Amino acid sequence: MNWHEWLTTGALAVCLGSLLYHLFRLVRLGKPHDYASPAGSETEGIRYSFTSGMSPAKKESAYLHLPTYSAGLIYHTGTFISLALLILSLLHAFPDGTLALISAVFVSLTSAAGLFILIKRVAVRKLRILSNPDDYLSNLLVTLFQIFTVIRLAGGESFAPVYHIISALLLLYMPLGKLKHLVYFFAARYQLGIFYGRRGVWTKH
Amino acid sequence: MDKALINKALAVFENPEDSKLIAHLNSCVHCGLCAESCMFYLATGDDRLIPAQKVELVSSIYRRYKTLTGRVAPVLVHARELDDETVAEMTDLLFGACSMCGRCTMHCSIGVDIAYLVRTGRAMLANMGMVPESLQSTVNAAIQTGNNMGIPTDELVDTLKWLEDDLRDELGDPTAEIPLDAPGKSVLYTLNPREPKFFPLSISAMAKIFHLAGESWTLSTRMYDVTNYAYFSGNLEESRTIARRLEEEMAHLESGKCILAECGHGSRAFRWEAPNYLGHSFGFEVLTSVELIDSYIKEGRINPDASKNQKKVTLHDPCNLVRNGGIIQQQRDILKAACADFVEMNPHGTDNLCCGGGGGQLAMSEFNERRMKVGKLKADQIRATGAEVVVTPCHNCVDQLSQICIANKLNVQIKTIAEIVADSL
């Protein structure tokens, strides 16, 4: 491995270690002990929370804001694909040829979605007053990560150093700001599933 | 601000019993998509009232004092000091611009329990002794007199006695009664103190239903108040005190079932929250009167005649009973059985719009103007149905709906489930 691969590998280790700390803390604290007798099933509530409860048909935040919701979905898909490609890069198994081309086209679209969300945050007043520097920085870093994934896919090995540096920056920042919702998103939906499931709200639909 | 006072507020973040608080405090991504799910934002257009802003108030304090990034680089993550300005903003947004209806929670793109975080913020203010005086006085009345309206026992008994006389006349049955403090009955029925004070006919309606269903029931004069406004003020100790009294009265009268009167937050507070305040499960069954009436109809113990309710009827779903309590279908089944012409509002059920009076709003007169603005959305919703009668199983909602219907020149009657069912018997 060369220096920039070492750098990214180290950042990845720090990122995973920190996120695992958050995860273990949640696991250690456990789920709420509820003494009220249940009216529904927590398991059903959790299942609903991660399936139908997230569908655009059920959430106002989705069906009233379809362009933003779709952009968010595409953007997140691009992030996970880019993270997978980064792992492949560190394993010296980065795709080339047709697969690289398809990946580059797709991640180009997802980074455009990221830019759209960033521009919206700057342009819309109610989002601007809600936002803090972390919101902009997180969005910017993830979008840059995707853009440099595309550059690395299209431009070849010569772009590896800058690609790995951007990736390392993102990985090091991830546990510090709102990007740690990578862990907390699942915890929140799990908790919500317990709440509505036990009370029989999400098990009767 | 005094450090000791700050520490009292921060105590809500100390030693969490489970992962719920930590999970929700760290989850909001500031997407702002919750805005249109909030009646306060929709009614005012005020960007400060977006649910995410309320979450941000609480979580920014958490970040400032409890996270590494917030301590080292507060500007980066907007970690806020708990100072006089923050407290003033918390009071305005968390008490004065949220009914904790949970509509935003259900529609949050992430799944942040926004209402729960608002209550956490209220608990911080409660720990600092900064609950709005108007709300606190309601809690104080409940703690000091046993009911939130401070009704003296002899006044209650007088009211119930003339209601009993009227009931006997109406039914032509001298055995019809409103039993008081009778031990060993199957059911202990609770009241919202608004009933004996302002809406006594809802008590006689329920008494009529009990009588015709052949129920073994009683009221208590010692502890009958179903409400628990300390749930809204965020004071855990006071919530516990109020809940414990009802539990003790169940043991005192040796009743098997506690039937909660038509009160959304009271039902939620006792059915779902109180066992957790007290740290144990109840040794008796707790049901809402809506569930009980529904069961009477389905078991054939009462037989409503829908032709006796010919007017067009619509239903307002109380947030705490429906979205936060899972009582969704029962009231609909009741109205279909008891009314000739029942229409739904749009949206309804778990997506219903809050009336604007929940979360202690009705008790906090300093926020009346905002509350009435929010109520206009509900008034428009009612108008669109063309209904002449609005039924709601919550006395708090009855009060708010009555006010907004007058303010918005809506000529409709507001009734409880028990009243509309009693009319059909």
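α15 (264-278) and α19 of chain B each supply at least two residues of the lining of the largest cavity. The model is a predicted one.

Q: What makes a residue part of the lining of the largest cavity, and how many residues line that cavity?
A: A lining residue has an atom within 4 Å of a point of the space. For the largest cavity, 17 residues line the space, and Asn320(B), Gly358(B), Cys394(B), Asn396(B) and Cys397(B) lie nearest its centre.

Q: How do you know what kinds of residue surround the largest cavity?
A: Asp, Glu, Lys and Arg count as charged. Sorted by class, the lining of the largest cavity has nine nonpolar, eight polar and no charged residues. The space itself is about 140 Å³.

Q: How many cavities of 30 Å³ or more does a search of the whole structure find?
A: The search finds four of them.

Q: Which residues lie nearest the centre of the second largest cavity, and which helices supply at least two residues of its lining?
A: Nearest the centre are Cys38(B), Cys98(B), Ser99(B), Cys101(B) and Cys104(B), out of 14 lining residues. The helices are α3 (39-44) and α4 (51-66) of chain B. Cys counts as nonpolar, and the whole lining divides into 10 nonpolar, three polar and one charged.

Q: Why are α18(B) and α19(B) called roughly perpendicular?
A: Angles of 65 to 115 degrees count as roughly perpendicular. The axes of α18 (residues 368-385) and α19 (residues 395-407) of chain B cross at roughly 80° and come within 9 Å, and the pair is therefore roughly perpendicular.

Q: What makes the contact between α18(B) and α19(B)?
A: On α18(B) the residues are Arg371(B), Met372(B), Gly375(B), Lys378(B), Ala379(B) and Ile382(B), and on α19(B) they are Gln400(B), Leu401(B), Gln403(B), Ile404(B), Cys405(B) and Ala407(B). By class, that contact has seven nonpolar, three polar and two charged residues.

Q: Why is α4(A) called oblique to α5(A)?
A: Helix α4 (residues 66-90) and helix α5 (residues 97-123) of chain A pack at about 130°, with their axes 8 Å apart. That angle makes α4(A) oblique to α5(A). Their contact includes Gly72(A), Tyr75(A) and Ile81(A) of α4(A), and Phe106(A), Ala113(A) and Lys120(A) of α5(A). By class, this contact has 12 nonpolar, eight polar and one charged residues. α4(A) passes α5(A) in a left-handed crossing.

Q: What makes α1(A) roughly parallel to α9(A)?
A: Angles under 35 degrees count as roughly parallel. Helix α1 (residues 3-29) and helix α9 (residues 181-198) of chain A pack at about 20°, with axes 9 Å apart, which makes the two roughly parallel. The contact is made by Leu19(A), His22(A), Leu23(A), Arg25(A) and Leu26(A) of α1(A), with Leu182(A), Val183(A), Tyr184(A) and Ala187(A) of α9(A). Seven of these residues are nonpolar, one is polar and one is charged. The crossing is right-handed.

Q: Which helix gives the largest share of the lining of the largest pocket?
A: α8(B) does, with seven residues. By class, the lining has 16 nonpolar, 11 polar and 15 charged residues.

Q: Which helix gives the most to the lining of the second largest pocket?
A: That is α4(A), with 10 residues. The pocket holds about 940 Å³ of space, and its 32 lining residues include Gly72(A), His76(A), His181(A), Val29(B) and Ile110(B), which lie nearest the centre.

How values were computed. Residues are numbered from 1 along each chain as its sequence is written. Chains are lettered from A and ligands numbered from 1 in the order in which they are written. This is a predicted model: local features need pLDDT of at least 70, side-chain atom pairs count only at pLDDT 80 or more; totals for chains, interfaces and linings use all residues. Side-chain values use heavy atoms; hydrogens and water are left out. Axes are lines fitted to C-alpha atoms, for helices over the stretch in contact, and angles run from 0 to 180 degrees between N-to-C directions. Helices (H or I, at least four residues) and strands (E, at least two) are DSSP runs, numbered from the N terminus. Angles under 35 degrees count as roughly parallel, over 145 as roughly antiparallel, 65 to 115 as roughly perpendicular and the rest as oblique. Contact means heavy atoms within 4.5 Å. On a 1 Å grid over the protein atoms alone, a cavity is a set of points where a 1.4 Å probe fits but cannot get out, and a pocket is an open set with protein on both sides within 12 Å along at least five of seven lines; lining residues have an atom within 4 Å of a point. Grid points are joined across faces, edges and corners, and a volume is the space filled by probe spheres set on the points. A crossing is left-handed if the near helix is turned anticlockwise from the far one by less than a right angle, and right-handed if clockwise.
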